[in-house]
Amino acid sequence: MKITTISALSAIALFGFAGTALAEDVSGKIQGIDQQANSITLDDGMTYQLGEGVSLDAFSEGQNVTLSLEDENGQRVAQDIQADAVSATEDSEMAPPAASEAPEAPQDY
């Protein structure tokens with residue numbers, strides 16, 4: 001009886017989790033957008049298929065994004081896409097300081 005119960009519980013645990021979709025996030029810079037194929041290529045060289053209802057209208061090449069991927073029938077499909085905020089370090093390296101941030105001229109006393 002104990003062996004049957006343990007076997008049944010093991011089978012439930014094994015098959016109960018087998019249908020669970022694994023999710024992961026992937027970040028990168030958009031290298032290409034294919035509206036017809038509903039896919040996006042990031043700077044890692046990978047092309048990702050987008051799920052139903054995921055729109056690329058607000059995105060363009062060169063933009064940093066994060067894709068939320070889920071496994072669908074053995075294929076990783078982006079179920080969500082979000083624009084990444086530019087970090088303060090990247091922003092300061094790309095643009096000169098604003099006038100209010102410029103160093104003050106030395107004062108003669």
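Select Ile40 and display the residues around it in this predicted model. Beyond its neighbours within four places in sequence, Ile40 is in contact with Ile30, Gly32, Ile33, Met46, Thr47, Tyr48, Leu50, Leu56, Leu67 and Ile81.

Next, widen the view to the nonpolar core. Ile40 is among the residues with the most contacts inside the largest such core, together with Leu42, Tyr48, Val65, Leu67 and Ile81. This core has 14 residues.

Now hide the side chains and colour the strands. Five strands form a closed barrel in the order E1-E2-E3-E5-E4, and the pairing is mixed. From one strand to the next, the twist averages 60°.

Turn to E4 (residues 64-72) and E5, which pair in the antiparallel sense over eight bridges. Select Leu67, whose bridge partner in E5 is Ile81. Then move to Glu72, which has Gln75 as its bridge partner in E5. In the hairpin of these strands, two residues lie between E4 and E5, and Asn73 takes a positive phi near 55°.

Finally, select E3 (residues 47-50) alongside E5 (residues 75-83). These strands run parallel and are joined by two bridges. Gln49 has Val77 as its bridge partner in E5. In general, strands of a sheet pair through backbone hydrogen bonds, either parallel or antiparallel.

How values were computed: Residues are numbered from 1 along each chain as its sequence is written. This is a predicted model: local features need pLDDT of at least 70, side-chain atom pairs count only at pLDDT 80 or more; totals for chains, interfaces and linings use all residues. Side-chain values use heavy atoms; hydrogens and water are left out. Two strands pair if DSSP finds at least two bridges between them. Helices (H or I, at least four residues) and strands (E, at least two) are DSSP runs, numbered from the N terminus. Axes are lines fitted to C-alpha atoms, for helices over the stretch in contact, and angles run from 0 to 180 degrees between N-to-C directions. A nonpolar core is a set of buried Ala, Val, Leu, Ile, Met, Phe, Trp, Tyr and Cys residues joined through side-chain atoms within 4.5 Å. Buried means under 20% relative accessible area, exposed over 50%, partly exposed in between (1.4 Å probe, protein chains only). Contact means heavy atoms within 4.5 Å.
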